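Please keep the sequence and the model in view while reading.

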Amino acid sequence: MSGNVRLLDDTLAAAKAEGRSALIAYLPAGFPTVDGGIEAVKAALDGGADVVEVGLPHSDPVLDGPVIQTADDIALRGGVKIADVMRTVREAHAATGKPILVMTYWNPIDRYGVERFTAELAEAGGAGCILPDLPVQESALWREHAHKHGLATVFVVAPSSKDERLAEITAAGSGFVYAASLMGVTGTRESVGAQAEDLVRRTRATTDIPVCVGLGVSNAAQAAEVAGFADGVIVGSAFVKRMLDAPDDAAGVEAVRALAGELAEGVRRRV
């Protein structure tokens, strides 16, 4: 069965045709529970997100800040497994028809088996993977299987990436490029900063695939700012924080839906 890379491409193209950036939400699987996490992903999509990244909780993250680490810890203590991640993708996609990616570090895929992981993700209706710690020069096996199963391979670029390195990364990737707005880990910030705009400009000089910005965007005003220069706006920690701060799981799901609506308005107004 083929995955949904074409759906991802079409979704990002449709947002561009509307003269706006796409809204991409991130939520970890298994948080606060597997069922609760599925409802949160569906709420983000129903609220206005165009795409969702489902995080595969990891015990030793390198990109995630304290908010997402807290959620990952809750999910891991709850016993979340890769099968639960696949179920999250399957049920959220089936309910909404929208593209769902998995964001994961390489070690869980390596241990699970690349062929097994890509085949199961495609069967679940997944659109691809974001792999923040997989070096491009070591990615041939992954890309072979991802391509075979119709999955996008999204790599992360950073402000420190040199132009030659950007070209190498974007040539190997598909779906979109994840541009980290700053050096550091995920989390909400007071401002996204000029580094992000410069990184988008330099990345676009190397590729025609969309460039989406993450790390630090937490409200509609920041989403509007980033939408002025990026093809997509990625928001994670702000969604997770709303759920952590909610008095119960149901309220957390509604908080996710509300934030998605606010951010969806933001990417449509620009500054």
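Helices, of at least four residues, and strands, of at least two, are DSSP runs numbered from the N terminus. On that basis the chain, which is a predicted model, has twelve helices and nine strands. Its radius of gyration is 17 Å, close to the 18 Å that the globule rule gives for 271 residues, so the chain is as compact as a globular protein of that length.

**Overall build**

- Along the principal axes, the C-alpha atoms of the chain fill a box of roughly 45 × 40 × 35 Å.
- Of the 271 residues in the chain, 58% are buried.
- Among contacts in the chain with a separation of 6 or more, 75% come from residues 24 or more positions apart.

**Setting of helix 10**

- Helix 10 is largely enclosed by the rest of the structure, because six of its eight residues are buried, namely Ala220, Gln222, Ala223, Ala224, Val226 and Ala227.
- The cover over these buried residues includes strand 8 (211-214), strand 9 (232-235) and helix 12.
- At the N-terminal end, Asn219 caps helix 10, with a side-chain oxygen 3.2 Å from the backbone nitrogen of Ala221.

**Packing of helix 10 against helix 12**

- The axes of helix 10 (residues 220-227) and helix 12 (residues 249-269) come within 7 Å and cross at roughly 35 degrees, and the crossing is right-handed.
- Helix 10 makes the contact through Ala220, Ala221, Ala223, Ala224 and Ala227, while helix 12 contributes Glu262, Leu263, Gly266, Val267 and Arg269.
- Sorted by class, this contact has seven nonpolar, one polar and two charged residues.

Key: Residues are numbered from 1 along each chain as its sequence is written. This is a predicted model: local features need pLDDT of at least 70, side-chain atom pairs count only at pLDDT 80 or more; totals for chains, interfaces and linings use all residues. Side-chain values use heavy atoms; hydrogens and water are left out. Axes are lines fitted to C-alpha atoms, for helices over the stretch in contact, and angles run from 0 to 180 degrees between N-to-C directions. A crossing is left-handed if the near helix is turned anticlockwise from the far one by less than a right angle, and right-handed if clockwise. Contact means heavy atoms within 4.5 Å. Ala, Val, Leu, Ile, Met, Phe, Trp, Tyr, Cys and Pro count as nonpolar, Asp, Glu, Lys and Arg as charged, and the others, Gly among them, as polar. Buried means under 20% relative accessible area, exposed over 50%, partly exposed in between (1.4 Å probe, protein chains only). A polar contact is a pair of N or O atoms within 3.5 Å; within protein, one must be able to donate a hydrogen and the other to accept it, and residues adjacent in sequence count only if both atoms are side-chain atoms. The radius of gyration is taken over C-alpha atoms; the globule rule is 2.2 Å times the number of residues to the power 0.38.
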